Amino acid sequence: MPQSPILYFLHLLAFTSFAFAANATAVTPLITKQFRKASEFYDSPGCPAIIATSILCSDQAVHVAMTLDKPYIRGSMAAIFSVLQHSSCPHNIAFHFLVSATGNASLLRAIISSSFPYLNFKLYHFDDSTISRLISTSMRSALDCPLNYARSYLADLLPSCVRRVLYLDSDLVLVDDIALLAATRLGDNSVLAAPEYCNANFISYFTPTFWSNPLLSLTFSNRKACYFNTGVMVIDLDRWREGDYTRKIEEWMGIQQRMRIYELGSLPPFLLVFAGNIAPVDQRWNQHGLGGDNFEGLCRDLHPGPVSLLHWSGKGKPWARLDAKRPCPLDALWAPYDLLEASSGLDY
């Protein structure tokens, strides 16, 4: 059965420089963070036996896709750790990590392998130029990172043998078995499933320019469109590929460049294409908004109801607030999953 990690608050984010020399010629220093090795968790009785060499293509595996980059690596490590700790079959999880083609993939692979030597994973290079030409500035510069849009290209990046994937953001932790979420039924027609929030002000996600245009506003005329957060999605990649949904998202991004119809990064194109046509998921699987709003990142409370996944979407991130010694109360729920070495120094 999964073991519980030692509760342990970490306040310092470390970058350690190593200079290597070959034939007396200095090489550019390598910057890395020091993370501890995570405990290994074991499968419960009854887990399917999947051959390790084929797990990245197995229909019996739980396929999880995440982005990896240096600014969010600490959050990614905590998210991975939380998934494994609470899984009944941790060895049957296949991780698919999307890495910017301009990022240091070798370093990121080394960090993951060092802390999770038993992890089944593969890195995929995402070419920033694929999306950079379509990105419009948003209300928060962090939302304009090309890697934020990589989730729109999962069907192109992952091999065709991966037919269904669970996409997770890097600023979250699970406190329940991921297999329960991955098993979400999509019905006969839905391409993706996610928790919906129909009490949110859906109109506010688009500009007056959008709503005043009779052709554009008709987009939602026959759909009961509700807000959903794209940080937690179960996606049928076969249906995505068949419907060419990446191109549909790109079409809306092209319209955005000609007439500003939204302000919030990669989320609105997903809403335009999918809102009102997704399979619902219980809201316990995305207690989102714990990072506060996109401007100030103030502390927030949990939504009413049970919790299976905690998501620090918004400006405030728990590791940054813990380092600054200004944590929000709920950041204490993230801290036990932080794998940063307590003895590491911090040098931004």
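**Before you start**

This is a predicted model, in which local features need pLDDT of at least 70 and side-chain atom pairs count only at pLDDT 80 or more, while totals for chains, interfaces and linings use all residues. Residues are numbered from 1 along each chain as its sequence is written, and side-chain values use heavy atoms, with hydrogens and water left out.

**Whole chain**

Show the chain as a cartoon: it has 11 helices and 14 strands. Both are DSSP runs numbered from the N terminus, helices being H or I with at least four residues and strands E with at least two. Of the 348 residues, 55% are buried. Buried means under 20% relative accessible area, exposed means over 50%, and partly exposed lies in between (1.4 Å probe, protein chains only).

Now show the surface. The accessible surface comes to about 15700 Å², and carbon and sulfur atoms account for 54% of that. Such areas come from the Shrake-Rupley method with a 1.4 Å probe; for residues, only the protein chains shown count as cover.

**Helix α1 and the cores**

Select residues 73-86, which are helix α1. In α1, 13 of the 14 residues are buried. The end C-alpha atoms of α1 are 20 Å apart, which agrees with the 20 Å that its 14 residues should span at 1.5 Å a residue. The expected span is 1.5 Å times one less than the number of residues.

Next, select F95, F97, F116 and L168. These have the most contacts inside the largest nonpolar core, which has 56 residues. A nonpolar core is a set of buried Ala, Val, Leu, Ile, Met, Phe, Trp, Tyr and Cys residues joined through side-chain atoms within 4.5 Å. Helix α1 gives the largest share of this core, 8 residues. Apart from this core lies another, of 50 residues, including A155, Y205, F220 and F228. In soluble globular proteins, nonpolar side chains tend to be buried together.

Which residues does F97 contact, leaving aside neighbours within four places in sequence? They are M66, L68, I80, I112, L119, F121, K122, L123 and Y124. Contact means heavy atoms within 4.5 Å.

**Aromatic rings**

Rings of Phe, Tyr and Trp (its six-membered ring) pair if their centres lie within 6.5 Å; planes under 30 degrees apart are stacked, over 60 edge-to-face, and the rest tilted. The count of aromatic pairs is 24. Select F81 and Y337: their ring centres are 6.4 Å apart and their planes at 75°, so the pair is edge-to-face. F81 is in helix α1 and Y337 in the segment after α11 (318-323), 256 residues apart. F81 is buried, at 0% relative accessible area, and Y337 is also buried, at 7%.

Then select F202, F206, F210, W211, F220 and W252, which form one aromatic cluster.

**Two single residues**

Select A101, in the loop between β6 (93-100) and α2 (105-115). Is A101 buried or partly exposed? A101 is partly exposed, with a relative accessible area of 42%. A101 and D127 are 26 residues apart in sequence and 5.2 Å apart in space, C-alpha to C-alpha.

Finish at R239 in helix α8 (residues 237-243). R239 is partly exposed, at 23% relative accessibility. Beyond four places in sequence, R239 touches residues including L186, D188 and Y245.
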